[in-house]
Amino acid sequence: MSRYGSTTAKNPREAAEWSAGRVIRSNLRAVVGRAYPRVISLAREPSWLFFEIFLPFLAVSAFVFVYRALDAPEDFIGFVVLGGAMTAFWLNVVWMMAAQFYWEKDQGNLELYFTAPMHLMSILAGMAIGGLVLTSSRALAVIGIGSLVYGVTYDVQQPFLLAGVYLLTMIPLYGMGMLFASLFLLWGREAFHLAELLQEPIYFLGGINFPLRAIGPLAGVVMATLPLGVGLDAMRQLAFADSGVQGVLPVGTEVGILAAMGVVFLVAARMALGYLELLARREGRLTLRWQ
Amino acid sequence: MPDEPAIHARGVTRVYKAKPDPVTALGGVDLDVQSGEYFGLLGPNGAGKTTLIKILTTLLLPTAGTAKVAGFDVVTETAKIRRVINMVSGGEQSGYGLLTTREQLWMFSQFYGLANRQGWRKVDELIEITGLTGQKDQKVRTLSTGQRQKLNFARGMLNDPWVLFLDEPTLGLDVAAARDLREHTLSWKAAAPGRTLLLTTHYMVEAEQLCDRIAIVDRGKILALGTPAELRRRVQAESIFRIELDRLPHNGGINVIGDLPGVLSAVRVDEEVADGAASDRVALKVALADDSALTSVVTAVAERGSHLVGLAKSEPSLEDVFVELVGRGFGDEDGEESAS
């Protein structure tokens, strides 16, 4: 039965001494470990095909018919399809990132994460990467079906830049989700309500279903706070290069804003997590399931 | 430092903010658990057991006092402590229901820093050891409560912890599942010497079966500490024997025994005789100042025509110890939930 005790360390002091390389490798493994359930759920829970593709497609369709009834430029149809696809990322960030620590606490996972020998940022990063993989497949499906059904034509002159902007958008977007994960837990018990609170206003401010420029001065607020809105505006400019509709800012500027947002949100997430852990240990109310 | 205690606590206090008044969950606990020792914290809900475990597992800061696990301070050396400990709680629902047993354990192995291949190997070993081979590809959400707790136990073993915390591990389990889990814990003790266990429970049998030493705690304080035998001796100054005779002694009956030197009391407990209604058998509970008085009792009953048909020494249970120390049983509990 020696299999129980397979460590090579001779005593706990020796077992606790980890090299910097081992710390890094362990944290990377934790990222992969936490991403795994999200990625595997693609195959395990086929209900997402209905809830995550068919229902968003219906929402996109409603706006398509409105624009067609109003004789809006055909590019608007493409805008809506792209916006509909990006909605999946926002919902993923709100429900499966921001609210996640709350559910993890309820399940008793949070205290196991706290006591495991990895940084909680690795858990958040794993959640983000898993969510990104999961949601990308859904977003691609919405774009594919929406484009096919409504005959959307794209004019992509810089495909690599478009892909780069997409990836760059994901960093501050999921960084924001990582920040919210700690804040939701700190702010209160009703993560469900907080998530709902963030949903509808972002549909409006993010310019999901219309060109962001249409909201006038409010677009400035979006440019300063919402990575989804900034990224979507830049991607629309790159995906519909021949469109007559202008973006709020040039793509280069928006790329700079996204990069800055990425740094800000990731640093803020790290700080919020540190504060959360301090509070959890000091107040004793965040890791206990019944409180 | 080979003699360093696995767990060392001095004056550990934990006060929770609460309305209308703060609640003191731990009131200055002093404790040393040696490496390789299996140590039990026995007490009702609200005693402060879980609070102490949360401090030792770095989940909570003590309000006052100091505590070390494996020689590392729980306030300033949390990263090192987390590399050598693990924790399993009763009723734990950790992980994700859509994963299989095997996948779930592998996921946790990644959190504990095991390399991918090493993680899978360890997972398969622990699945076999804990008897979950039949459920290895079953989704976690379909496991029974007992299987689920075996899975949690296997999770707790993944990183081969030097100090394992089991917080009410058999809570809610049926008799067979609880026995299985206790057997796994004992096998771990045999297979991995030098590992330390801190168990909290309010099951007396569990504490007695698993632990080398036990601390009885209530309302945030350690009331008594020692081996199970030492604790029992605290409440039993005298020796108590249950004596079964084929008939009552002639010439004085039970009073003859009660009057013998060294005999403190002798009472009939006939209801304990299985076939008492069909024979003259009698059962007596005899309290002696010490075991040496037993000889005179046996001689006295023989001289008066009775024959000894049964003799057993009565041991007080840990529950007796608890009642003696606390003045109430486990059934009369406060809710720890409200305190911690």
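How many bridges join strand 6 of chain B to strand 7 of chain B, and do these strands run parallel or antiparallel? The points below take up that pairing and then the surroundings, in what is a predicted model.

1. Strand 6 and its partner. Strand 6 of chain B is joined to strand 7 of chain B by five bridges, and the two strands run parallel. Within this pairing, B:V88 has B:L166 of strand 7 as its bridge partner. Five of the five residues of strand 6 of chain B are buried, so the strand is largely enclosed by the rest of the structure. The burial applies to both faces, with B:I85, B:M87 and B:S89 on one side and B:N86 and B:V88 on the other.

2. Helix 5 of chain B. This helix has 13 residues and reaches 19 Å from its first C-alpha to its last, close to the 18 Å expected at 1.5 Å a residue. Helix 5 is mostly covered, in that 11 of its 13 residues are buried. The buried residues include the nonpolar B:L151, B:F153 and B:M157, but B:R148, B:K150 and B:R155 are also among them. The buried residues of helix 5 pack against strand 6, helix 3, helix 4, strand 7 (163-167) and helix 6 of chain B.

3. Helix 6 of chain B. With 17 residues, helix 6 of chain B reaches 24 Å from its first C-alpha to its last, close to the 24 Å expected at 1.5 Å a residue. Its buried residues are B:A178, B:D180, B:L181, B:H184, B:T185 and B:W188. Seen down the helix axis, these buried residues fall within an arc of 160 degrees, so they line one face of helix 6 of chain B. On the other side of the helix, B:V175, B:A176, B:E183 and B:A190 are exposed. The buried residues pack against helix 5 (145-157), strand 8 (196-201) and helix 7 (204-210) of chain B.

4. The contact between the chains. In the model, 42 residues of chain B are in contact with 39 residues of chain A. The largest share, five residues, comes from helix 2 of chain B. By class, this side of chain B has 23 nonpolar, 11 polar and eight charged residues.5. The nonpolar cores. The largest nonpolar core has 162 residues, of which A:M86, A:M97, B:L56, B:V163 and B:L198 touch the most other members. Helix 4 (residues 75-98) of chain A gives the most to this core, with 16 residues. A second, separate core of 13 residues includes B:A266, B:A283, B:L284 and B:V301. As general background, nonpolar side chains tend to be buried together in soluble globular proteins. Not counting residues up to four places away in sequence, B:V163 touches B:A6, B:I7, B:V69, B:A70, B:V84, B:I85, B:T196 and B:L198.

5. B:V301 lies in helix 10 (residues 294-303) of chain B, and B:V301 is buried, with 24 other C-beta atoms within 10 Å. Leaving aside neighbours within four places in sequence, B:V301 is in contact with B:L245, B:P249, B:I257, B:S306 and B:L308. By contrast, B:A224 is 77 residues from B:V301 in sequence and 39 Å from it in space, C-alpha to C-alpha.

6. Strand 9 of chain B and its two partners. Five of the six residues of strand 9 (residues 213-218) of chain B are buried, so this strand is largely enclosed by the rest of the structure. Strand 3 (residues 38-42) of chain B is joined to strand 9 by four bridges, the two running parallel, and B:F39 stands opposite B:R213. Strand 9 also pairs with strand 10 (residues 221-226) of chain B, in the antiparallel sense and over five bridges, with B:V217 opposite B:I222. The hairpin of strands 9 and 10 has two residues between the strands, and in it B:R219 takes a positive phi near 50 degrees.

7. A position in chain A. A:A125 lies in helix 7 (residues 120-150) of chain A and is buried, with 23 other C-beta atoms within 10 Å. Although A:A125 and A:M178 are 53 residues apart along the chain, their C-alpha atoms are separated by 7.8 Å.

Conventions
Residues are numbered from 1 along each chain as its sequence is written. Chains are lettered from A and ligands numbered from 1 in the order in which they are written. This is a predicted model: local features need pLDDT of at least 70, side-chain atom pairs count only at pLDDT 80 or more; totals for chains, interfaces and linings use all residues. A residue is buried if 20 or more other C-beta atoms lie within 10 Å of its own, exposed if 12 or fewer, and partly exposed in between; C-beta atoms are placed from the backbone. Two residues are in contact if their C-beta atoms, placed from the backbone, lie within 7 Å. A nonpolar core is a set of buried Ala, Val, Leu, Ile, Met, Phe, Trp, Tyr and Cys residues joined through C-beta atoms within 7 Å. The expected span of a helix is 1.5 Å times one less than its number of residues. The arc is that of the directions from the helix axis to the C-beta atoms. Two strands pair if DSSP finds at least two bridges between them.
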